[in-house]
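Load the model in the viewer and keep a selection panel open.

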Amino acid sequence: MKNVIAIDGPAASGKSTVSRGIASALGYLFVSSGHFYRALAWGTVRDHLSNEGIAEWIGKRSLDVNVSTGGLLLLLDGEDVTPHLSEPDVAAKVSVIAAFPAVRDYVNSRLRSLAESHSLVMEGRDVGSVVFPETPFKFYLDASPEERARRRAGEGKIDSVAERDRLDSTRATAPLTIPRGAIVIDTTHLDIPQVITAILDHLAKNPPAASPQ
Ligand code: CDP
């Protein structure tokens with residue numbers, strides 16, 4: 001396995017932007033594990049699937065990952081899912097389908113296989129706790145609920161973040177949690193460059209072994 005920097009936390013804690021910044025500073029591949037769940041959520045909307053059929057449905061899917069210079073491209077059953085990832089239907093469905101163990105197993109196998117060929121900065125809800133528990137590089141970003149709501153509103157996103165947080169934190173399989181050994185950073189009063197600097201400072205003290213991408 002190549003190096004994996006795991007960055008977990010709730011919605012609007014700054015994970016995506018910070019993770020992209022860390023990936024770019026280190027020359028690693030940025031991976032949003034949430035995009036894999038969103039891709040499958042879009043598939044369930046496309047197929048008008050009810051939750052009962054999900055285990056059988058997932059067995060018939062092909063979710064392919066293309067790594068290009070621009071980052072990751074996800075293809076569900078051959079179709080580029082990029083235009084669909086932020087659709088309101090997808091945001092409403094994603095935390096529901098992400099609670100199914102069959103869905104999580106399917107996504108986890110794809111996420112893990114990426115680390116065979118690339119050093120990664122991966123962000124999500126269970127990256128340090130379940131997907132790569134063995135990585136020594138784990139961070140957990142948080143911010144007050146008010147600040148997170150303010151950030152989402154500022155992005156112009158209408159998204160039931162509070163409901164997703166509730167579902168993500170209370171599900172039986174791989175709930176959102178602070179991974180054992182993670183460094184916790186409260187970003188409420190920090191801007192993005194400050195969080196990136198804090199993480200890079202930690203990594204400088206305990207650097208990942210050189211592992212070309
Ligand atoms: O951008 P934001 O943090 O709001 O969400 P995201 O990373 O796109 O993830 C969307 C949803 O996917 C989350 O609310 C979780 O329900 C699910 N997810 C998960 O269960 N496990 C992960 N490792 C990543 C995302």
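How far does a polar side-chain atom of Arg164 lie from an oxygen atom of the ligand? The distance is 2.7 Å, a polar contact (a pair of N or O atoms within 3.5 Å; within protein, one must be able to donate a hydrogen and the other to accept it, and residues adjacent in sequence count only if both atoms are side-chain atoms). This is a predicted model: local features need pLDDT of at least 70, side-chain atom pairs count only at pLDDT 80 or more, and totals for chains, interfaces and linings use all residues. Residues are numbered from 1 along each chain as its sequence is written, and side-chain values use heavy atoms, with hydrogens and water left out.

Stay at the ligand and select Asp168: one of its polar side-chain atoms is 2.5 Å from a ligand oxygen. Next, select Lys15, where a side-chain N or O atom is 3.0 Å from an oxygen atom of the ligand.

Move to the second largest pocket, with about 290 Å³ of space. Select Arg20, Phe30, His35, Gly71 and Leu72, the closest to its centre of the 15 lining residues.

Finally, select His84, in the loop between strand E5 (79–80) and helix H4 (88–97); helices (H or I, at least four residues) and strands (E, at least two) are DSSP runs, numbered from the N terminus. His84 counts as buried because its relative accessibility is 16%, the limit being under 20% relative accessible area (1.4 Å probe, protein chains only). Show Glu87 too: its side chain and that of His84 are joined by a polar contact of 2.8 Å.

Technical notes: Buried means under 20% relative accessible area, exposed over 50%, partly exposed in between (1.4 Å probe, protein chains only). On a 1 Å grid over the protein atoms alone, a cavity is a set of points where a 1.4 Å probe fits but cannot get out, and a pocket is an open set with protein on both sides within 12 Å along at least five of seven lines; lining residues have an atom within 4 Å of a point. Grid points are joined across faces, edges and corners, and a volume is the space filled by probe spheres set on the points.
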